[in-house]
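These are my notebook entries on a two-chain model. I kept them in the order in which I looked things up.

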Amino acid sequence: MRVLLAEDLFLLRDGLVRMLEAYDFEVIAAVESGPELTKAFAELTPDVAICDVRLPPSHTDEGLQCALAARRARPGLPVLILSQHVEQLYARELLADGNGGVGYLLKDRVFDAEQFIDAVRRVAAGGTAMDPQVIQQLLSRRQADRPLGGLTPRELEVLELMAQGRSNAAIASQLVVTERAIAKHTSNIFAKLGLPVSDDDNRRVLAVIAYLDQGR
Amino acid sequence: MDRTKARGSLIAAARGLALALLALVGSITLFVLSVVSIALIPIGVGVFTTPFVLGFVRAHAQQRRQLARAWAGVEIATPYRPFPADVRRGVVGQVERCSLLLKDPATWRDLRWLLTDMTAGAVTAILAPGLLLEGVFGVLLFAGLWTVLGDGWWYAFIPVGGWGSAFLASLLGCVWITVGMFANPYLVRAHFKVAEASLAPAREAALGARIDQLTESRHAAVDDSAAELRRIERDLHDGAQARLVAMGMDLGTIEALVEKDPAKAKELLRQARQNSADALTELRDLVRGIHPPVLAERGLGDAVKALALRLPIPSDVDVTLHGRLGEPVESAAYFAVSEVLTNAVKHSGAERIWVDVHHADGHLRIAVTDNGKGGARISAGSGLTGVERRLGTFDGVLAVSSPAGGPTMVTMEIPCAYS
């Protein structure tokens, strides 16, 4: 799998390249600034791009803007955004086109290589990987506002993991239950929240996040 | 001549009459009392009477300032020095008050104004009704009044002795009335301009006041930044730094244990990773408190939007900014909004919050409104005092409107330009 990487801190860039290569990814370019990233997007065809939000020379949200521009040019181009902080504002912008193939994670998540690589693969496959912090913010805000239509604590747990973009199988292994049990929980959740049932995993996740984010 | 103009002129005449009465009765009485009271200070009695008399003088001057604003739109600055909070009670306090009052240049300006008010002020004020009355009197002469008054009556420069000269007098009267119709509002305004010239502090005094204010806000800024650095130091020392030490220690132990007791080493590894994750979280919170990343990346508008998204209360954010503002202003404005929002969430019991951010006429204007229970005050320890002080460094101001029962509206205004 071909990866385009944009990260300005040498240590982190180097570490990410080594980690990705250890998991059999091919890093086709590892750039360190916004203009280089724009050029790379124009010239290369990565299967997934991993970008830091903040890049030189402006040290503003250049990485995010480059990635969004690239996705506008090639809808559905898988992009995983890394940042030292997560903001719902950015998450919303990333999810706005509804195309999937989007990830938004704290840099801390690279600590757990397995889970990080899983997120990269998910995004590359057109899925979603939202940082647990984003989802927690959405949930706590949502619950202060209006409780989530009588979900049981277990269903809330499943909802949280589902909103992060995990598949039923991944949720099942994390909660140590069978996949069938999770399938039952998810159909309950969809019924209670009044969301349309969809077979497509990614559509399902986007619907849940949109539901949590509404009414602001 | 249209009716509104005639009405305006009549109102101005009535106001002129009122002002003339105030000037002649109020100012003369108060001036005499003040002079006598101050003259009596050497024998002691004056020490006790002067503060009272000067209190009346100030009230008298304040009333004129209010009238100037209401009647002619003339703003006259109020330059009185505030009494220090620790003025003593009783006889000693009275002496202290008396000497503070006499040291205040504004007191002497007040006394000077009493003099100009009873002379130039009274004359400009009395001219307004005077022109009209004198004009009407001239017309009445021609209407037959001259026969009653008898021979040798002078109307201005006209000796009235027959119908011919009475007619001339009435013509002159009409001229007076016409002049009065046009000039009356200006005469009232002139009266207030005279008052302004005597009452308003001179340029040096204004500069002095500005220097006092700058000194105070600079002290506040220095104190604030010192306290901020101290807080950051403490947070780093007790937080991230301590965790890194613990991590290094754990790694050392792991090195020793890795062959002897791999299970224990693995557990320590997990602990070290947890410590590094916690250190990162703490650093992230600290950074957010120093300069929020969204502010650096996106500017004030999006930073306020991101802030609102973190609130437990639903909010509407409306931003109209055409570019970035200076970094210090953005940062000050951000933390001010943050504090006001925190206050609203904690104390107002509101169900919804509205934030409006826009830039107009060289000012950044921010309004935070909530539909809570109201009763918010800028008082010691309310958090709003700190906001007011920090905005003061930028010549910014804070206003709170919060009647009991709500809604609460906090408005902030900072003079600044796009960068």
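For the element names, I took helices (H or I, at least four residues) and strands (E, at least two) as DSSP runs, numbered from the N terminus. The model is predicted, so I kept its limits in view: local features need pLDDT of at least 70, side-chain atom pairs count only at pLDDT 80 or more, and totals for chains, interfaces and linings use all residues. Residues are numbered from 1 along each chain as its sequence is written, and chains are lettered from A and ligands numbered from 1 in the order in which they are written.

**Entry 1: A:Leu64**

I found A:Leu64 in helix α3 of chain A, residues 62–73. For burial I used C-beta atoms placed from the backbone: a residue is buried if 20 or more others lie within 10 Å of its own, exposed if 12 or fewer, and partly exposed in between. A:Leu64 has 24 C-beta neighbours inside 10 Å, so it counts as buried. For contacts I required C-beta atoms, placed from the backbone, to lie within 7 Å. Not counting residues up to four places away in sequence, A:Leu64 touches A:Val53, A:Ile81 and A:Tyr90. I also checked A:Glu93, which is 29 residues along the chain from A:Leu64; their C-alpha atoms are separated by 9.6 Å.

**Entry 2: A:Asp52**

Which residue does UniProt list as "modified residue: 4-aspartylphosphate"? The unreviewed entry gives A:Asp52; such annotations may be inferred rather than shown by experiment, feature names are shortened, and positions are in the numbering used here. I located A:Asp52 in strand β3 of chain A, residues 48–52. Is A:Asp52 buried or exposed? A:Asp52 is buried, with 25 other C-beta atoms within 10 Å. Leaving aside neighbours within four places in sequence, its contacts are A:Ala6, A:Glu7, A:Asp8, A:Gly63, A:Leu82 and A:Ser83.

**Entry 3: nonpolar cores**

I defined a nonpolar core as a set of buried Ala, Val, Leu, Ile, Met, Phe, Trp, Tyr and Cys residues joined through C-beta atoms within 7 Å. The largest has 59 residues, and A:Ile50, A:Cys51, A:Leu80, A:Ile81, A:Tyr104 and A:Ala163 touch the most other members. Domain 1 (2–130) and domain 2 (134–213) of chain A each give this core at least three residues; the bounds come from an automatic or database domain assignment. A second, separate core of 36 residues includes B:Val304, B:Ile353, B:Val387 and B:Ile414.

Most residues other than glycine have a negative phi, and most peptide bonds are trans. I noted a cis peptide bond between A:Pro56 and A:Pro57, with omega about 5°. A:Pro57 is in the loop between β3 and α3 of chain A. A:Asp24 has a positive phi, near 65°, and sits in the loop between α1 (10–22) and β2 (26–31) of chain A. A:Asp24 counts as exposed, with 8 C-beta neighbours inside 10 Å. For A:Val176, phi is positive too, near 55°. A:Val176 lies in the loop between α8 (168–175) and α9 (179–193) of chain A and is exposed, with 6 other C-beta atoms within 10 Å.

**Entry 4: chain totals and interface**

I logged ten helices and six strands for chain A, and twelve helices and seven strands for chain B. Of the 216 residues of chain A, 41% count as buried; for the 419 residues of chain B the share is 30%.

How many residues of chain B are in contact with chain A? There are 16, against 17 residues of chain A. On the chain B side, α8 (262–290), α9 (293–298) and α10 (300–309) each supply at least two residues, and α9(B) gives the largest share, five. By class, that side has nine nonpolar, no polar and seven charged residues. I counted Ala, Val, Leu, Ile, Met, Phe, Trp, Tyr, Cys and Pro as nonpolar, Asp, Glu, Lys and Arg as charged, and the others, Gly among them, as polar.

Key:
Two residues are in contact if their C-beta atoms, placed from the backbone, lie within 7 Å.
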